[in-house]
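Keep the sequence and the structure in view while reading.

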Amino acid sequence: MILETERLILSPATQADAPLIHPILADPEVMAHMDGAAMDDPDLVDAFVGGRVAEMANGEALYWSVRHNASGAYLGSVDLSDIDRRHHRAELGFVLGRDAWGHGYGHEAVHAVLSHAATQGFKRVWARTQVGDNPSERLLLKLGFEDEGYLRGHTDRDGERRDFRLWGLLL
Ligand SMILES: CC(C)(COP(=O)(O)OP(=O)(O)OC[C@H]1O[C@@H](n2cnc3c(N)ncnc32)[C@H](O)[C@@H]1OP(=O)(O)O)[C@@H](O)C(=O)NCCC(=O)NCCS
């Protein structure tokens, strides 16, 4: 479903987004706190987006492409993944290109996705942030998420284990 806000339009992700999200996924600064390292290879990005499209087709996740409504510029992606229909919950994810940071777009886009989630019967949305990822923590706190714990050695990034924080919001 397409979601519209004051400045943004969020539309379901498609394979055609691969070249648009590529520069974002290839930027090491954007990817510093993500589960996987920066992705430069267009084939990898294609496969990554293809995986997302397949998850959507299976009803496992919802990925939105975030665009600026006036210019149509592609800004990034917000998603609900690991959808559990039995327990009405999903994990929230978000990534914007560096040029889009600091304008409140992250807040505006995620707020729209959370409002949509509430109308779809979701009761809990959770998120993880890598320890040290202050912009994401600030964003989640502003949206009402609560710190639910510390996940030691939660991911493997190039052989290095990284700690995360767990966040939750009851809708
Ligand atoms: C996390 C991320 C999406 C935040 O994006 P963002 O758009 O910069 O975030 P916000 O919407 O909170 O805006 C950031 C700042 O812009 C400011 N801002 C500027 N104009 C604004 C406006 N019109 N409305 C609201 N806020 C505005 C806010 O005050 C905010 O500052 P604060 O956090 O000090 O209060 C972005 O940093 C990102 O993509 N990071 C890399 C990917 C990543 O790590 N993802 C998380 C994986 S869990």
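## Overall size

In this predicted model, the chain has a radius of gyration of 15 Å. A compact globule with 171 residues would have a value near 16 Å, so the two agree. Taken along the principal axes, the C-alpha atoms fill a box of roughly 40 × 40 × 35 Å.

Of the 171 residues in the chain, 29% are buried. Among contacts with a separation of 6 or more, 57% are between residues 24 or more positions apart.

## Order of helices and strands

The chain contains four helices and eight strands. Along the sequence they follow the pattern β-β-α-α-β-β-β-α-β-α-β-β.

## Helix 2

Helix 2 covers residues 42-57. At 1.5 Å a residue, its 16 residues should span 22 Å, and its end C-alpha atoms are 22 Å apart, which agrees.

Which residues of helix 2 are buried? They are V45, V49 and R52. These three cover an arc of only 50° around the axis, so they lie on the same side of helix 2. An α-helix has 3.6 residues a turn, so residues three or four places apart point the same way. The buried residues of helix 2 pack against helix 1 (18-25) and strand 3 (62-68). On the other side of helix 2, D43, G50, G51, A54 and A57 are exposed. Just after helix 2, G59 has a positive phi of about 75°.

## Around the ligand

The ligand is surrounded by 21 residues, of which W101, G104, G106, H107 and P135 are the closest. By class, this shell has 10 nonpolar, nine polar and two charged residues. Strand 5 (89-96), helix 3 (105-119), strand 6 (124-130) and helix 4 (134-142) each supply at least two residues of the shell.

Note on methods. Residues numbered from 1 in each chain as written. Predicted model: local features only at pLDDT ≥ 70, side-chain atom pairs only at ≥ 80, totals over all residues. Near = placed C-beta within 6 Å. Nonpolar A, V, L, I, M, F, W, Y, C, P; charged D, E, K, R; others polar. Expected span 1.5 Å × (residues − 1). Buried ≥ 20, exposed ≤ 12 C-beta atoms within 10 Å, placed from the backbone. Arc of directions from axis to C-beta. Contact = placed C-beta atoms within 7 Å. Rg over C-alpha atoms; globule rule 2.2 N^0.38 Å.
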